[in-house]
4 protein chains.
Amino acid sequence: MLIEEPKSKIDKIRQRIYIVIYGTNTKAGKIFDIFLLIFILLSVLAVMLESVQYIDEQYHAFLIAAEWFFTILFSIEYILRIFSTKKPWKYIFSFYGIIDFLAILPMYLSFFFTGSNLLGSIRALRLLRLFRVLKLANFIGEATNLKAALKASRAKIIVFLFTVLIIAMVVGTLMYLIEGPESGYTSIPRGIYWTVVTLTTVGFGDIYPQTALGQFLAMFVMITGYGIIAVPTGIVSAEFAKQKGNKTKSNPEKTNIACPVCNTEIHNENASYCYECGSKLKV
Amino acid sequence: MLIEEPKSKIDKIRQRIYIVIYGTNTKAGKIFDIFLLIFILLSVLAVMLESVQYIDEQYHAFLIAAEWFFTILFSIEYILRIFSTKKPWKYIFSFYGIIDFLAILPMYLSFFFTGSNLLGSIRALRLLRLFRVLKLANFIGEATNLKAALKASRAKIIVFLFTVLIIAMVVGTLMYLIEGPESGYTSIPRGIYWTVVTLTTVGFGDIYPQTALGQFLAMFVMITGYGIIAVPTGIVSAEFAKQKGNKTKSNPEKTNIACPVCNTEIHNENASYCYECGSKLKV
Amino acid sequence: MLIEEPKSKIDKIRQRIYIVIYGTNTKAGKIFDIFLLIFILLSVLAVMLESVQYIDEQYHAFLIAAEWFFTILFSIEYILRIFSTKKPWKYIFSFYGIIDFLAILPMYLSFFFTGSNLLGSIRALRLLRLFRVLKLANFIGEATNLKAALKASRAKIIVFLFTVLIIAMVVGTLMYLIEGPESGYTSIPRGIYWTVVTLTTVGFGDIYPQTALGQFLAMFVMITGYGIIAVPTGIVSAEFAKQKGNKTKSNPEKTNIACPVCNTEIHNENASYCYECGSKLKV
Amino acid sequence: MLIEEPKSKIDKIRQRIYIVIYGTNTKAGKIFDIFLLIFILLSVLAVMLESVQYIDEQYHAFLIAAEWFFTILFSIEYILRIFSTKKPWKYIFSFYGIIDFLAILPMYLSFFFTGSNLLGSIRALRLLRLFRVLKLANFIGEATNLKAALKASRAKIIVFLFTVLIIAMVVGTLMYLIEGPESGYTSIPRGIYWTVVTLTTVGFGDIYPQTALGQFLAMFVMITGYGIIAVPTGIVSAEFAKQKGNKTKSNPEKTNIACPVCNTEIHNENASYCYECGSKLKV
C-alpha cells in the first residue's frame with residue numbers, strides 16, 4: 001500500500017493550515033475554533049442589531065462595516081478550507097460546507113438586492129460547529145442518542161404527521177363553512193392554518209370561532225389535540241427507554257480530527273490511516 | 001371444494017379492471033394508484049384555491065371546470081369499483097367506499113345548494129389510500145402499532161376524557177358566575193368552552209378572566225391542565241414501551257391485494273384462496 | 001353469630017327501595033340508574049340553556065319549571081336514599097352523599113339569592129355515578145390504575161407544584177418591576193398570574209411583555225416551562241410503565257352492590273355477608 | 001481524638017440558639033420553623049398587597065409598617081444565624097445564606113431607591129426552607145429523585161436547548177424578512193421572540209403572521225414544536241423509568257440537624273461526630 005507524502009512547500013503550508021482549521025485537539029486548532037465561534041456570535045449579533053430600527057439609525061455605518069469585516073473574514077476562512085483539504089468538492093457539498101457558503105453569500109448579494117444582508121442571520125447555523133468544538137464525549141454521545149431515537153421512530157412520526165395533516169384539511173374546511181369570513185376564516189387554507197394553530201395548542205387568538213357550532217367543533221379539535229400530543233411523546237419516550245441498555249460511553253479523549261483527503265471525521269485516537277480512503281493521517 | 005371460474009367476456013373485463021383498481025402490486029395497479037393520488041391532491045388544491053376570494057375572482061371558470069373534471073373522473077372510478085368487485089355492497093359500506101362516495105357527492109349537491117362544492121375538500125380523506133399505496137412494511141407496521149397502542153389504552157383515555165368534561169362543566173359554571181357577561185363569559189356553555197381552551201393549554205385569549213377571583217381560579221385550572229397533560233402522555237408512553245417486546249417486522253414484499261369476492265385484504269403472498277370467503281384469488 | 005332479620009313491613013319496603021336505588025346488577029336497579037343518568041343530563045342541560053340569554057328570554061318559564069321538576073325528583077331520590085340505607089349518616093357524609101345534596105341545594109337557595117339556581121350545573125358531578133353504572137371491569141380497573149399512578153407520584157407532584165409556585169412568585173415580581181402597569185402588569189399578583197399563564201404554555205395574550213428586557217425574560221420563562229412540562233409527564237409515564245407488571249384484570253361480572261348497613265361496596269359476587277360489618281347481604 | 005468542649009457562658013447561649021434555629025427535630029426547633037414559615041408567607045403577602053394600587057392607597061402606612069416589622073425580624077434571625085454557627089462564612093455564602101441576605105436587603109435599599117422594597121417578594125425563595133421543615137422522607141427523597149433525573153439528562157437537555165435556539169434564530173430571521181414590520185415583526189430579535197412563543201406552544205397572539213407565506217412557515221414551526229415537545233419529555237420519562245430500580249426509601253425518622261461547626265447537614269441518626277469536620281455533635 002503506497003501512501004503519497006507531501007513534497008512541495010505549498011503542500012506543507014496546506015497541511016499546516018489544515019491542522020489549524022480542521023483540527024480540534026491541537027492547541028492552534030482550539031484557539032482557532034474559539035475565535036471562530038466568537039466571530040460567528042458577533043456577526044449574528046451585528047445582523048440582529050441592524051434589524052432593530054432605532055439602533056440601526058444611530059450606528060448604521062458601524063454595523064455595515066462590522067458585517068463587511070466578518071464577511072471578508074469568513075470568506076478567507078472558506079477559501080482556506082477549500083485550499084487546505086485534498087478533496088475540496090467533498091467539503092463544498094458537505095453539510096458544513098453549504099452552511100459556510102450560505103453564511104458569506106448574503107453580504108455579496110446585497111450589491112444586487114437591498115436588504116439581503118439581513119439574511120446574514122443564517123450564520124447562526126454555523127454555531128452548530130459548537131458541538132464539534134465542545135468535543136465533550138457525552139455531548140456528542142447524547143446528540144447521537146437523540147438522532148438515533150428520532151431516526152428509529154421516523155416511520156411512526158411520518159404516519160402521525162400525515163394523519164394530523166388530513167385532520168387539519170377536513171377540520172379546516174368544516175370551520176370555513178361553519179364560521180365564514182366574518183369570524184376571520186376567509187378561506188380554506190386559513191381554516192387549515194387555524195386548525196394547526198389549535199391542534200398544536202399554540203392558540204394565537206388571531207382567528208377564533210364565534211358561533212356556537214364553531215365553538216363546539218373547536219372544543220372537539222382541542223381535546224383531540226390534547227389527546228394526540230401524547231402520541232409523539234409516547235413514541236420518543238419509548239425509544240429513549242429502549243436505548244438505555246445499548247448506551248455505551250464514548251471515550252472523551254478521542255481524536256476529533258477530519259481526514260485531510262476525504263474529510264471523514266476520525267474517532268479512533270490511535271488511527272494512523274483514514275478508515276474511509278486509506279490515506280495517511282498527519283496528526 | 002368447488003371454485004367458480006370466470007366464464008363470460010364481461011367477467012374477464014371485470015377481472016382486469018379489478019386488478020388495475022384494487023391491486024397495488026401489479027405494474028398497472030401501481031400506475032393507477034399514483035395517478036389517483038395525484039388527481040386527489042390536485043382536486044383538493046382546486047377546492048382550496050376556489051375558497052380564496054381573490055384567486056376565485058380571477059380563475060373561477062377554470063377552477064369550476066377542474067372540479068367537474070375531477071368529479072366525473074372519480075365518479076367513473078367509483079362506478080368501476082362497484083362494477084368490478086363481486087360483493088359491491090361490501091365495498092359501498094366499507095370505510096373507503098363511504099369516503100369515495102362522499103368525495104363525489106358535494107359537486108352534484110351544488111346543483112341544489114350553492115357553495116356545497118366547497119365541501120369537496122373532504123376528498124382529502126381519500127389521501128388515506130396513500131398508506132395502502134406506499135405499501136412499505138414499516139409504515140403499515142407502525143400504523144398498526146399506533147392503532148394497537150391507542151386501542152389498548154382506550155378505556156384509560158375514555159375515563160380521562162370523561163373526567164376532563166366533568167371538570168369543564170363545573171369550572172365553566174363557576175367562571176360564568178364569578179366573571180359574568182362583562183368579561184365575555186356570556187353563558188355557561190361559553191364558560192365550558194373557555195375551560196376547555198384553558199385546560200388544553202390552547203389559550204386563544206378571546207375570553208379571559210378579569211376579576212382577581214376569576215384569575216385565581218384560572219391559575220388553578222391552568223396548573224391542573226398542566227398536571228393532567230401528563231396523564232394521556234403517560235398512558236400512551238407506557239403502551240409503546242410495552243409493545244417494544246412484541247414488535248415483529250412484517251414482510252415488506254407481502255401481497256397487498258383485496259379479494260375480488262369479499263374485498264378482504266390478503267396479506268399472505270402465497271395465498272391462492274381468500275381466507276375469509278374461500279373464493280379463488282387471481283393475482 | 002346472630003344476624004338480625006327484617007321483621008316489620010316498613011323494613012321490607014326499605015329493603016326493596018334499597019335494591020332499586022343502590023343495586024346496579026338487578027334489572028330494577030339498572031333501569032333506575034339509566035333513568036337517573038338521563039335525568040341528570042337533562043337537568044344540567046336545562047341549567048346551561050337558562051344561562052344563554054336569548055334562549056332564556058324565549059323559554060324562561062319552561063326552563064324554570066324543568067329545573068323545579070328535576071330538583072323535586074332528586075330531592076325525593078335523596079330522601080329515599082337516606083331512608084333505605086341502615087346507616088344514613090354514613091351516606092350523607094360520603095363523597096356521593098355530599099354531591100347529591102349539593103345538586104338539590106341551589107334551587108332551594110334561589111328563594112333567598114337570585115341567580116343561585118345557576119349553580120345547579122354542579123349536578124354535572126353526579127355524572128360521576130356513570131362509572132358505577134357502567135360497571136365494566138376495565139373501566140373501573142383503569143380508573144383505579146389512574147388513581148394508583150397519581151397516588152404513587154403524589155409526593156413528586158407536590159414537590160413539582162411547589163417549585164412552580166416559587167418560580168411564579170419570583171418571575172411575577174421581576175416582570176412587574178420590568179414591565180410596569182403600562183404593559184398590563186398592574187400588580188405583583190397579576191405578574192404571578194401572567195407567569196402561570198406562560199409557564200403552563202396557555203398564553204392568553206391579555207397581558208404580554210412589551211419591553212426588550214421583558215421579552216427576553218419571557219423567552220427564558222417559556223423555554224423553562226417547555227422543559228419542565230417534561231417533569232410531571234415523566235413522573236406519570238414512569239408510574240404507568242411500572243404498573244404494567246402488577247395489573248390484574250378484575251372480574252367484569254362481579255356484584256356491584258353496597259352493603260345495606262354500612263354502605264360498603266361489595267365486590268365478591270358470592271358474598272353473603274358484608275366483609276366490613278358482617279351484616280347479611282340481601283341480593 | 002480531642003474534641004473541644006464549650007467552656008464560656010456565651011458558647012452555651014450560642015449552642016442553645018443554634019439548636020433552636022438550625023435544628024429541625026427538637027421541639028423548640030420545630031416551633032421556630034413553623035413561626036418562621038408563617039412570617040415568610042405574611043411578609044410576601046404584604047409585599048404583594050402593596051403592589052396592588054387600590055389596596056396600597058388605603059393601607060399604605062400599615063403595609064410599610066408590616067414590611068419593616070418583618071425585615072427587622074428577619075435581620076435579627078440573620079444575625080443570630082451568623083452568631084450561633086461556628087463557621088459563619090460558610091453560612092453566609094451558602095445557598096440559604098445568600099437567599100436570607102437578599103430577603104432583608106430590599107427594605108434597607110428603599111432608603112436610597114424608591115420602590116426597591118417591592119423586590120421583597122424575593123423572600124418567596126425562603127419558602128424553599130419548607131422542604132427542610134417538612135422533613136418527610138419521601139418529600140426529600142422525591143426531590144432528590146427529581147434532581148438526579150434532571151442531572152442525568154442534563155447533557156441531552158443542553159443539546160436540545162441549543163438546537164431550539166439555533167432554530168429560533170433562523171426562523172426568526174425568515175419571519176422578519178417575510179412578514180416585515182407591518183405584522184409586528186419589527187426586528188430580528190422580535191422575530192426570535194415570536195418563534196420561541198410559537199415553538200413552546202405558548203402563542204400569546206401579540207404578534208402573528210398575516211401573509212400566506214408567513215402562515216405557511218408558522219404552520220411548519222408549530223408542527224415542529226409539537227414534535228420536539230416530545231424530546232425533553234422522552235428524556236425525563238426514560239430517566240424516571242430507569243431510576244425505579246435504584247430507588248431506596250430513606251429513613252423518615254433520620255436526624256436532620258446541621259453540624260454546629262461546618263454547617264454540613266447530618267443524615268445519620270446515630271452520628272456523634274460530623275462526618276465532614278469531625279467536631280462533636282450536640283443533639
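Ser75(A) lies in helix α3 of chain A, which covers residues 53–84. The model that contains this residue is predicted.

**Ser75 of chain A**

- Ser75(A) counts as buried because its relative accessible area is 8%, and the cut-off for buried is under 20%.
- The side chain of Ser75(A) comes to 2.6 Å from the backbone oxygen of Thr71(A).
- When neighbours within four places in sequence are set aside, Ser75(A) is in contact with Ile104(A) and Tyr108(A).

**Thr85 of chain B**

- Thr85(B) is found in the loop that runs between α3 (53–84) and α4 (88–92) of chain B.
- Is Thr85(B) buried or exposed? Thr85(B) is buried, because its relative accessibility is 2% and residues under 20% are classed in this way.
- Thr85(B) and Val221(B) are 136 residues apart along the chain, and a distance of 55 Å separates their C-alpha atoms.

**The largest nonpolar core**

- The largest nonpolar core has 219 residues.
- Which residues touch the most other members of this core? They are Met222(A), Met222(B), Met222(C) and Met222(D).
- Helix α8(C) provides the largest share of this core, namely 9 residues.
- Met222(B) touches Thr198(B) as well as a group of residues in chain C, when residues up to four places away in sequence are not counted.

**The interface of chain C and chain B**

- In this interface, 48 residues of chain C are in contact with 44 residues of chain B.
- The size of an interface is often expressed as the accessible area that is lost when the parts come together.
- Between chain C and chain B the buried area is about 4,000 Å², and carbon and sulfur atoms give 78% of that area.
- The number of salt bridges between chain C and chain B is 0.
- Across the interface of chain C and chain B, 1 residue pair is in polar contact, with both residues at pLDDT 80 or more.
- On the side of chain C that touches chain B, the elements giving two or more residues are α2 (27–51), α6 (129–134), α7 (137–152), α8 (154–179), α9 (188–199), α10 (212–228) and α11 (230–243) of chain C.
- Of these elements, α7(C) gives the most to that side, with 7 residues.
- Sorted by class, the side of chain C that touches chain B has 32 nonpolar, 11 polar and 5 charged residues.

**The interface of chain A and chain D**

- Here the contact involves 47 residues from chain A and 44 residues from chain D.
- About 4,000 Å² is buried between chain A and chain D, with 78% of this area given by carbon and sulfur atoms.
- How many salt bridges are counted between chain A and chain D? The count is 0.
- Polar contact across the interface of chain A and chain D is found for 1 residue pair, both residues being at pLDDT 80 or more.
- Several elements of chain A each supply at least two residues of the side that touches chain D, among them α2 (27–51), α8 (154–179) and α11 (230–243).
- The largest share of this side of chain A, 7 residues, comes from α7(A).
- By class, the side of chain A that touches chain D consists of 32 nonpolar, 10 polar and 5 charged residues.

Terms used. Residues numbered from 1 in each chain as written. Chains lettered and ligands numbered in written order. Predicted model: local features only at pLDDT ≥ 70, side-chain atom pairs only at ≥ 80, totals over all residues. Heavy atoms only, no water. Contact = heavy atoms within 4.5 Å. Buried area = accessible area lost by both parts, 1.4 Å probe. Salt bridge = Lys/Arg side-chain N within 4 Å of Asp/Glu carboxyl O. Polar contact = N/O pair within 3.5 Å; in protein donor to acceptor, adjacent residues only side chain to side chain. Helix = DSSP H or I, 4+ residues; strand = E, 2+ residues; numbered from the N terminus. Nonpolar A, V, L, I, M, F, W, Y, C, P; charged D, E, K, R; others polar. Buried < 20%, exposed > 50% of the residue type's maximum accessible area, 1.4 Å probe, protein only. Core = buried A, V, L, I, M, F, W, Y, C linked by side-chain atoms within 4.5 Å.
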